[in-house]
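User: I would like to learn how to read the features of a protein model. Please take me through this one step by step.

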Amino acid sequence: MIIACPHCHALNRLPADRPLQDGRCGKCKHALFSGQPLELTAANFAAHAEKSELPLVLDFWASWCGPCRSFAPVFAAAAAELEPRFRFGKVDTEQQQSLAARFAIRSIPTIMLIHQGKVLAQQAGALPKAQFYQWLQRYS
Ligand code: ZN
């Protein structure tokens, strides 16, 4: 399975017979899973959203958005609890306007599930934790 490193964004091929969460990056030697959402940018987006074989859950947010701030702890808890089934990434829509434009983000937060470049599901607006987990189950 191909996994992009959350630190240096190098692609790693992991054997299927070993637990993913123990994986370390062959390039930078950091753990491949830290239980935290990573900050996605135009520079590292393709590694995680297109080349990695792990489903990627995205949170498009902005610092001035109240519902985004309330949703942030839910999203962080999901990263801690649901890795390595998914990778969790945050897109700051003010810093990363090209990504926001590419996915036509009209309201924030927008939650998206993407796998190897294909958008599997998209949800406008925050969800409470239980609904968020159900949403992930339904589309994964
Ligand atoms: Zn690395």
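User: How many bridges join β4 to β6, and do they run parallel or antiparallel?

Analyst: Two strands count as paired if DSSP finds at least two bridges between them. Helices (H or I, at least four residues) and strands (E, at least two) are themselves DSSP runs, numbered from the N terminus. Here five bridges join β4 to β6, and the two strands run antiparallel. One of the facing pairs is L58 and M112, the latter in β6. This is a predicted model, in which local features need pLDDT of at least 70 and side-chain atom pairs count only at pLDDT 80 or more, while totals for chains, interfaces and linings use all residues. Residues are numbered from 1 along each chain as its sequence is written, and side-chain values use heavy atoms, with hydrogens and water left out.

User: How many bridges join β4 to β5?

Analyst: Six bridges join β4 to β5, and this pair runs parallel. W61 stands opposite D92 in β5, and V57 has F88 as its bridge partner.

User: What is the order of the strands in the open sheet?

Analyst: The order is β3-β5-β4-β6-β7, five strands with mixed pairing. β3 and β7 (118-124) are at the edges with a single partner strand each, so one side of each has no neighbour in the sheet. For β3 the partner is β5: two bridges join them in parallel, and L38 stands opposite G89.

User: How many residues of β4 are buried?

Analyst: Buried means under 20% relative accessible area, exposed over 50%, and partly exposed in between (1.4 Å probe, protein chains only). In β4, six of the six residues are buried, so the strand is largely enclosed by the rest of the structure. Both of its faces are covered, with L56, L58 and F60 on one side and V57, D59 and W61 on the other. β5 also has six of its six residues buried, so this strand too is largely enclosed by the rest of the structure. R87, G89 and V91 point one way from β5, and F88, K90 and D92 point the other way.

User: How far apart are the end C-alpha atoms of helix α2?

Analyst: The expected span of a helix is 1.5 Å times one less than its number of residues. Helix α2 (residues 66-82) has 17 residues and should span 24 Å; its end C-alpha atoms are 25 Å apart, which agrees. A bend at a residue is the angle between axes fitted to the seven residues ending there and the seven starting there. α2 bends by about 30 degrees at A72, and a proline, P73, follows within four residues.

User: Which residues of α2 are buried?

Analyst: An α-helix has 3.6 residues a turn, so residues three or four places apart point the same way. The buried residues in α2 are C68, F71, V74, F75, A78, A79 and L82. They pack (contact means heavy atoms within 4.5 Å) against β4 (56-61), β5 (87-92), β6 (110-115) and α4 (129-139).

User: Which residues are the protein donors of the zinc ion?

Analyst: Donors are N, O and S atoms within 2.8 Å of the metal (3.2 Å for Na, K and Ca); water is not among the atoms, so sites may look incomplete. The zinc ion has the SG atoms of C5, C8, C25 and C28 as protein donors, lying 2.3 Å from it. Along the chain they follow the spacing C-x2-C-x16-C-x2-C. C5 lies in the loop between β1 (2-4) and β2 (11-13) and C25 in the loop between β2 and β3 (38-39), so this pair ties together parts that are 20 residues apart in sequence. C5 is buried at 0% relative accessible area, and C25 is buried at 2%.

User: Why is the arrangement around the zinc ion tetrahedral?

Analyst: Four donors count as tetrahedral if all angles lie between 85 and 135 degrees; four count as square planar and six as octahedral if opposite donors are over 155 degrees apart and all others between 65 and 115; anything else is irregular. Around this zinc ion the four donor atoms subtend angles of 104 to 114 degrees, which makes the arrangement tetrahedral.

User: Which way does the peptide bond from E83 to P84 go, cis or trans?

Analyst: Most residues other than glycine have a negative phi, and most peptide bonds are trans. The bond from E83 to P84 is cis, with omega near 0 degrees, and P84 is in the loop between α2 and β5. The bond from I108 to P109 is also cis, with omega near -5 degrees. As for phi, H9 has a positive value near 70 degrees, and A104 has a positive value near 50 degrees.
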